Amino acid sequence: MDLRSELLKSIWYAFTALDVEKSGKVSKSQLKVLSHNLYTVLCIPHDPAALEEHFRDDDDGPVSSQGYMPYLNKYILDKVVEGTFVKENVDELCWTLTAKKNYRPEGKCVLPGKDAFRLWCLFIFLSEDRYPLVIIPDEVEYLLKKLCMAMSVELNCVELEDFISQDSVQQNGFIVWAFLEMMNSGRLTRGIAKETISMAIEEVYREIVGDVLKEGYLWKKGQLRRNWIERWFTLRPSTLIYFTSEDRKDRKGNIQLDGNCCVEVLPDRDGKRCMFCLKTLTKTYELSASDTKQRQEWTTAIQTAIRLHVEGKTSLHKDLKLKRREQREQREKRREAKEQELQRLRALQEERERKMAELELLKEAQRQAQALLEQDEVRRRQQHEQLQQALEIQLKEAEEARASMQAEMALKEAEAERQRKRIKELEALQQRLEEALQQEIKARQDEEAFRYAQARLLAEEEEKMKALMSLREEQEEYIQRAQREKQELKQEMESKSRALGEAQMQLEEVRANRHRVDQDVVAAQRKLRQASTNVKHWNVQMNRLMHPIGPGEKRPSGSGSFSSFRIPSQKDPGLCLRQKSDEQDEESKENMESRGGCESDRRLSTNGDMEIP
């Protein structure tokens, strides 16, 4: 805070004191008087012409602070030279004007007028650089702690917090009159003598406003007579002044401090203890304190004064005030950063909660999908059970058919005698049957190979099912493409449906032909079983023709034409079921061949064991 800002704060109080109507404007005659007094206390040559020109009588109405500031800056503040005037006189002038209007202590007054003036000066020094002038609670607490330290008492923080919470204290800080009212109430200085309070206020005033780093008695060794004399020393950032006594009326010397000065501690000698010396470029001053603590305080204070001078700073407390302000601003920034961080964390929390809600929705959808899958699984199991029940019914029907067939075979064996005449016919038929059996054997072998390949394909299908999951996303794209192609395929399907109708008609014809062939095959098998029973009685006569095989016997390899034919008996209950399964396989194969355009019944019967697609 520079000298112009300090002067403006004091002059602002004087200007507002002249604003009786609180309209922000002051009459020109009052401003003339104020300007004349400022010329006097600031030791500036008067310029009556400029004063009259700026406040000439033909301008009607009062002048606001904005209207007075150009004149104040140009003709007064710009001409101020630091060191040519006593700032305390300026403060006393402004205090006199503002105290008449605003400072009216009620009841038992604790502070005399001089102490109130010094507190007002301290308030201006520690106030914020904005108008109207206020002092924040942190600075008030700092000032009160300095006062309590000077009185060697502790600050009553409870009373301070109670006063801060009152309505008279503005939200952004104290105004000076509320501060003086708090000090006049005596709540913070209860039980302390007025003289002690006055001394503490004066000490703090001189330290903060007067830039006095330290005061006190020291013994000084003379430069000529070399004797020790006790002097009152006053240390400021650039000078160390010593007086005859503490009333500071008779100044005996002035030591200029700069970067070439230094302080050293000396050993005790000449009957003096706690000695130290201050060295300058021209002289060395030997000093002695009352005790070690005082010596330490004086050496530290002098080193601080030298440091301030080297750094170009004129006031320690101005520097401390700026540092405290920077610390408050940093705390405010950290608080704002924390608030921003909290807002960001809240946003992240809300985002997390939103994602959790979405996750819950996804889990719910997954549970619904799982329920649908379970329903499909139950439905599929029911269908499987129904199919199994149907197969069991068919198996029972096959067992009943087998039993009836065995009874019928017992009857037919008696008629086998009558069929001897037809042996020659059966030989030719047997030859065809052997070829068919050879083809069946080959087809069954192929079927076994196909079943093994089918099992391998099932294992591959399980692996491909995993890949199918990744292809589903592509399938969704293909579905859109398929929908476009569906229209094209629809027309093609209509043409193929017509061709399918024609193929179904051909299939019906093929099935009718197959049914006739099946009847012929059944009749031939029945005749063959009858002939095989009779052949065992003709082993000698018909050995060259058939070499038939009797029930339950094994034929030697290559001994007859019925070597691969086996007559079912009661000891082979699975034969009928296999024959029924073969018939079903043949029917499926015939359906496939009918779709491929089969033209003859003979071809269906010989290829009846073809692989089912």
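Predicted model: local features only at pLDDT ≥ 70, side-chain atom pairs only at ≥ 80, totals over all residues.
Student: Start with helix 7 and helix 9. At what angle do they cross?
Tutor: Roughly 35 degrees. The axes come within 13 Å. Helix 7 covers residues 137-151, and helix 9 covers residues 176-185.

Student: Is that crossing left-handed or right-handed?
Tutor: The crossing of helix 7 and helix 9 is right-handed.

Student: Which residues make the contact?
Tutor: Helix 7 brings Val-140, Leu-143, Leu-144 and Leu-147. Helix 9 brings Phe-179, Met-182 and Met-183.

Student: And by class, how does the contact of helix 7 with helix 9 divide?
Tutor: There are 7 nonpolar residues, with no polar and no charged ones.

Student: Now helix 5 and helix 6. How do they pack?
Tutor: Their axes are 10 Å apart, at an angle of about 110 degrees. Helix 5 is therefore roughly perpendicular to helix 6. The residue ranges are 87-102 for helix 5 and 113-126 for helix 6.

Student: Which residues of helix 5 and helix 6 meet?
Tutor: From helix 5, Glu-88, Asp-91, Glu-92, Cys-94, Trp-95 and Thr-98. From helix 6, Gly-113, Lys-114, Ala-116, Phe-117, Trp-120 and Cys-121.

Student: What classes are in the contact of helix 5 with helix 6?
Tutor: This contact has 6 nonpolar, 2 polar and 4 charged residues.

Student: Switching to cavities. How many of 30 Å³ or more?
Tutor: The count is 3. The largest cavity holds about 70 Å³ of space.

Student: Which residues line the largest cavity?
Tutor: Leu-144, Leu-147, Cys-148, Met-151, Leu-155, Met-183, Leu-188, Thr-189, Ile-197, Ala-200 and Ile-201. Leu-144 and Leu-147 also belong to the contact of helix 7 with helix 9, as does Met-183.

Student: Which elements give two or more residues to that lining?
Tutor: Helix 7 and helix 10, the latter spanning 194-208. Helix 7 has the largest share, 4 residues.

Student: How do the lining residues divide by class?
Tutor: The lining of the largest cavity has 10 nonpolar residues, 1 polar and no charged.

Student: Last topic, backbone. What is phi of Cys-43?
Tutor: Near 60 degrees, a positive value in a residue other than glycine.

Student: Where is Cys-43 found?
Tutor: In the loop between helix 2 (28-41) and helix 3 (48-54).

Student: What about phi of Ser-152?
Tutor: Ser-152 is not a glycine, yet its phi is positive, about 60 degrees. Ser-152 is found in the loop between helix 7 and helix 8 (157-164).

Definitions and conventions: Residues numbered from 1 in each chain as written. Heavy atoms only, no water. Axes fitted to C-alpha atoms, helices over the stretch in contact; angles between N-to-C directions. Left-handed = near helix turned anticlockwise from the far one by under 90°. Contact = heavy atoms within 4.5 Å. Nonpolar A, V, L, I, M, F, W, Y, C, P; charged D, E, K, R; others polar. Parallel < 35°, antiparallel > 145°, perpendicular 65-115°, else oblique. 1 Å grid on protein atoms, 1.4 Å probe; cavity = no way out; pocket = protein on both sides within 12 Å on 5 of 7 lines; lining within 4 Å. Points joined across faces, edges and corners; volume = space filled by probe spheres on them.
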